[in-house]
Amino acid sequence: MTRRPVPGGRAVPGGRAVPEKRAVAGRAAVADDFQRASRDNRRRRAGKNTLAKPAAPVYANSGNGPALVPVDIGHDAYTALVEPDTAFWSLVRKERLVEVLADPAFVGEVHDHGEAFTAEMDLLRFKLVPSAVYFNPTERCNLNCTYCYLPEKTRRRGVRMSKARLFEALEILLEFFHHTSPDGVRPQVIFHGAEPMHERRAIFAAIDHFASEIVFGVQTNGTLLDHEAIEFLTSRRISLGLSLDGPLAEISDRTRHTHSGHTTHERVLGVLEALRGYEHHAVICTVTTENLAHLVGIVELFHGLEVPTCMLNPVRCTLPGGRAVRPADEDLAVAYLAALERTEELYRETGRKLVVANFANIVLAVVAPTARRLMCDISPCGAGRCFFAVDAHGNLFPCSEFIGLSGFEGGNLFAGDLEGCFGTDAFRAVTARRVETIECCQRGAIRHFCGAPCPAEAHEIHGDLAQQGAYCRFYEEQLRFALRLIADGREHAYLANGWDAATSTVFEVTHS
Ligand code: SF4
Ligand code: SF4
């Protein structure tokens, strides 16, 4: 589905696409590939709507008609019109804004689709079922990143899950998903931090044992991946997520190093070199004050290494270590958008994309709201709804971001608490956080695009889940940039090839 500005001064109200078959994804880069497994590849295009004269006119912003809010996107020619509740949007030439808002045919079309759009958003926000688990088989990590969300003492001497216990946990999870997952959809288990490769023997045994029933992924710091491990994981097409924070060791080392302060940069680069050509890997770069000035160099490095997907994740401000290196929103926006623009240049120069998955998700949130793949950008977010986290004791949390925060444990997997955890106060506190109850977001037209993340951050910064998280101004700039790209017909450069293979156009209007 495409919406293009039409030469000759015509207004271009937009529309949206929905996936033909809905699927759920998690928060980390490794979830990206998982989604494909549960989608079909059928594609259907609806015809372009024609604007018929409505029988009984409705009026924009009157109360009975749709609420269409103009949003300045910083484009020379276009302004966005957004219906906040349904996430409907359109791009309108500035000089025709009043005319479009007063066009009964256009307003009537938006109105007529309102119920369907509302149903879509309700499904996405409230009716998805869990389909993924972030599973921490150990509390230990060989690194001591300054912004880590796990206490250093735990990472040095924390518990490790035995192979028998890991298998027992996976059996319990399978039984649960048997009842909750749609037929034919395998649940996703992502082995996650601390550093899961400390338990590599148990994990590799589990990957082979449960291969036909579970889709696995591994999120790792990469330092413990040797040739044998890479061979094992790639031969089984396991999705791999690694971490690297800079183009040079002196930059990466500012935030990511061993407990004794040693560099990990060259080691991770060696792994990325070994993964060159492997399509199921991604790299997370955590964006902080320490690498903000080097984001362009980082995407150049990743692109040069033929990394297919990366995430440029602003550091989570859940814990003091993260808050200490939190970039200012305005600085973050400038550096981040420059890095995005560089990925487009690299694509145009080489024909090869480096998809920045967290930004691609924002573009998807606009062009196909229900096809978005990561779940931090919708409120309530995916935590405790689409996925949950299990720590090395078997304790259950809405998201890994809550591990270590008191009051957010929803029971224990081994104690038989899995089914009940979703109804606990711990989980409900997170899943009940929604944009309608956050003061600034209530008024915001873009609230279903930015998602007002993150509840863990909001809780730790403000002591209150019903507050804004970090980076609101940055998310706003990111969305405005996405809309500018769409106005200029550049959005495909930022989306994975084939992103729309399982989507169908449900509303597309060109107004003339
Ligand atoms: S690699 Fe991950 S778990 Fe280990 S210290 Fe760094 S952020 Fe924490
Ligand atoms: S709790 Fe935070 S990190 Fe976890 S899914 Fe929600 S927004 Fe994302």
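Predicted model: local features only at pLDDT ≥ 70, side-chain atom pairs only at ≥ 80, totals over all residues.
Residues are numbered from 1 along each chain as its sequence is written, while chains are lettered from A and ligands numbered from 1 in the order in which they are written.

Q: Why are α10 and α12 called roughly parallel?
A: Helix α10 (residues 295-304) and helix α12 (residues 329-350) pack at an angle of about 30 degrees. Angles under 35 degrees count as roughly parallel, over 145 as roughly antiparallel, 65 to 115 as roughly perpendicular and the rest as oblique, so α10 is roughly parallel to α12.

Q: What makes up the contact of α10 with α12?
A: Residues in contact have C-beta atoms, placed from the backbone, within 7 Å of each other. Among those of α10 that meet α12 are L295 and V296. The residues of this contact divide into nine nonpolar, two polar and two charged.

Q: How do you know that α12 and α19 are roughly parallel?
A: The axes of α12 and helix α19 (residues 472-487) cross at roughly 30 degrees and come within 8 Å. By the angle rule, the two helices are therefore roughly parallel to each other.

Q: What puts the buried residues of α9 on the same side?
A: In α9 (residues 265-274), H265, V268, V271 and L272 are buried (20 or more other C-beta atoms within 10 Å of a residue's own; exposed means 12 or fewer, partly exposed in between). They cover an arc of only 130 degrees around the axis, so they lie on the same side of α9. On the other side, E266 and E273 are exposed.

Note on methods: Helix = DSSP H or I, 4+ residues; strand = E, 2+ residues; numbered from the N terminus. Arc of directions from axis to C-beta. Axes fitted to C-alpha atoms, helices over the stretch in contact; angles between N-to-C directions. Contact = placed C-beta atoms within 7 Å. Nonpolar A, V, L, I, M, F, W, Y, C, P; charged D, E, K, R; others polar.
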